[in-house]
Amino acid sequence: MIRQWTPAEIIALRKAAILSPPEFASKVGVTARTVILWENGQSRKLHAASTRLLQAMLDGADETVRRRFRALLDDPTSTNPSLALEMDTDAPGANRREFLAAVAAAMVGSAVELARWRMPLPTSSAPLPEQIGASDVTRLRRTADGIRDLDSRFGGGYAVDPTLGVLSRGAAMLSRCRDENVLRDLYVALADLSNIVAWAHHDAGQQQRARLHLAQGLRWALEAGTLESHSISADLLFGLARVELHEHDPHAALEMVQLGQIAATKATDTAASAQLHATAAWAYAQQGNHRLTQDSLARCEHEIGLTTTDSAGPWMQVFFSPGDYAGHRALVHGVLAANVTDRQIADKSATAAVELTATARAASGPGRPVRSMLFDSIVAATNSFRVGDVESAIPHTQRVITGLGDIATQRGIDRLADITAAATPHIADSTVADLLADIDQLVSA
């Protein structure tokens with residue numbers, strides 16, 4: 001008798017194999033939209049061929065994957081270290097929970113354990129000065145600003161390689177830096193560059209590499225031990241929280257937020273604190289916790305009221321660019337709408353998400369990344385479909401599809417799953433069906 005797979009079993013198998021919906025779809029031989037329909041329980045009985053492929057995937061998996069599969073069926077939200085997902089690293093026995101524990105230890109004690117997670121850098125072939133001075137560090141920082149702009153305008157896919165090259169050269173400078181003050185500044189510059197390359201990897205869909213670069217940046221920031229480096233540490237921990245949110249682990253994200261607040265307090269940095277509270281709101285929204293989501297947004301707004309734009313470091317300028325916070329609130333309300341169990345709150349949240357994206361677009365200026373405005377359109381499309389406003393959802397979705405042709409962001413591609421899930425109930429509309437087919441092509445490309 002052929003086994004009939006439930007949505008919970010399909011989700012558990014995909015997560016146990018550490019695959020995104022598009023990757024899982026490719027393994028099973030279906031479209032990403034089909035996987036989303038399976039997992040949402042919106043598909044009818046699976047075809048026999050599909051059930052055989054799923055069973056073959058489970059039967060052919062190693063014991064680690066099968067153990068995770070069984071454990072996830074018992075407790076889909078478990079964060080037990082024995083169920084942790086191994087990181088893509090050469091360090092023996094390394095896994096996510098060990099990694100997160102090492103980050104926590106670094107913030108409250110020693111950063112020694114972070115040395116286990118070190119991303120190899122390309123070898124810099126350009127000659128270095130015999131001795132590194134303040135002007136060399138200044139040039140490194142100016143280059144970092146240029147690459148930050150490249151990432152902002154064209155996406156992480158364009159920024160990874162140039163940032164790695166500059167980071168490699170900067171790391172090579174450490175051995176030739178003999179002045180203690182210059183060395184501290186160099187550590188800060190390297191932490192900032194690690195942050196940039198980590199975000200580029202994150203945007204390009206390479207989450208494990210993003211984690212490792214964020215950890216290396218944190219080590220360098222802690223070596224510097226200055227107010228500025230504490231601010232960067234807070235931002236690096238914000239980055240780690242965002243990686244966890246991307247992988248739908250709000251518990252781990254909140255741990256990183258709490259550690260980030262330690263660094264923000266040391267730096268007396270209200271801008272960093274505001275950004276972390278905003279991230280906590282996203283995590284609580286993933287948990288479907290309306291009260292704590294609202295509380296975190298209120299805390300964020302209190303800290304924003306204590307912050308001037310000039311006081312925020314360059315690594316936080318996007319968050320404080322006009323329109324960006326409204327866009328973030330829209331995202332949070334959309335996530336809450338997808339996860340809260342109270343239908344009335346879900347509907348109000350989806351409506352608020354649509355309204356806030358309009359506010360964000362109206363306020364946005366040249367300083368706000370094109371990518372952020374693309375994400376606004378994803379939120380607007382998703383939540384317009386959720387509230388049944390298909391007429392508005394269609395042009396939003398069209399803007400998303402066009403925009404993804406202009407910017408290299410795997411994060412944007414991954415978020416198309418939200419549109420797909422929200423649009424599928426309206427697939428009888430021929431235009432919606434065509435848009436979903438276009439989305440399938442983008443995801444599969």
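I take buried to mean under 20% relative accessible area. The model I consulted is a predicted one.

**Entry 1: Gln275**

I looked up Gln275 and found it in helix 13, which spans residues 270-286. Its relative accessible area is 4%, so I record Gln275 as buried. I then listed its contacts, leaving aside neighbours within four places in sequence: Asp235, Phe238, Met316 and Phe319. With one of these, Asp235, there is a polar contact between the two side chains, at 2.7 Å. I also checked Cys300, which is 25 residues from Gln275 in sequence, and noted a C-alpha to C-alpha separation of 6.8 Å.

**Entry 2: Asn195**

I next examined Asn195, which belongs to helix 9 (residues 180-203). Asn195 has a relative accessible area of 3% and is therefore buried. Beyond neighbours within four places in sequence, I found Asn195 in contact with Leu214, Asp235, Leu236 and Trp315.

I turned to the nonpolar residues. In soluble globular proteins, nonpolar side chains tend to be buried together. Here I found that the largest nonpolar core holds 90 residues, and that Val103, Leu140, Leu237 and Met256 have the most contacts inside it. Helix 9 supplies the largest share of this core, with 13 residues. For Val103 I noted contacts with Leu114, Leu218, Leu237, Leu240, Met256 and Leu259, again leaving aside neighbours within four places in sequence. Apart from this core I recorded another, of 23 residues, including Phe375, Phe385, Ile407 and Ile419.

Key: Residues are numbered from 1 along each chain as its sequence is written. This is a predicted model: local features need pLDDT of at least 70, side-chain atom pairs count only at pLDDT 80 or more; totals for chains, interfaces and linings use all residues. Side-chain values use heavy atoms; hydrogens and water are left out. Helices (H or I, at least four residues) and strands (E, at least two) are DSSP runs, numbered from the N terminus. Buried means under 20% relative accessible area, exposed over 50%, partly exposed in between (1.4 Å probe, protein chains only). Contact means heavy atoms within 4.5 Å. A polar contact is a pair of N or O atoms within 3.5 Å; within protein, one must be able to donate a hydrogen and the other to accept it, and residues adjacent in sequence count only if both atoms are side-chain atoms. A nonpolar core is a set of buried Ala, Val, Leu, Ile, Met, Phe, Trp, Tyr and Cys residues joined through side-chain atoms within 4.5 Å.
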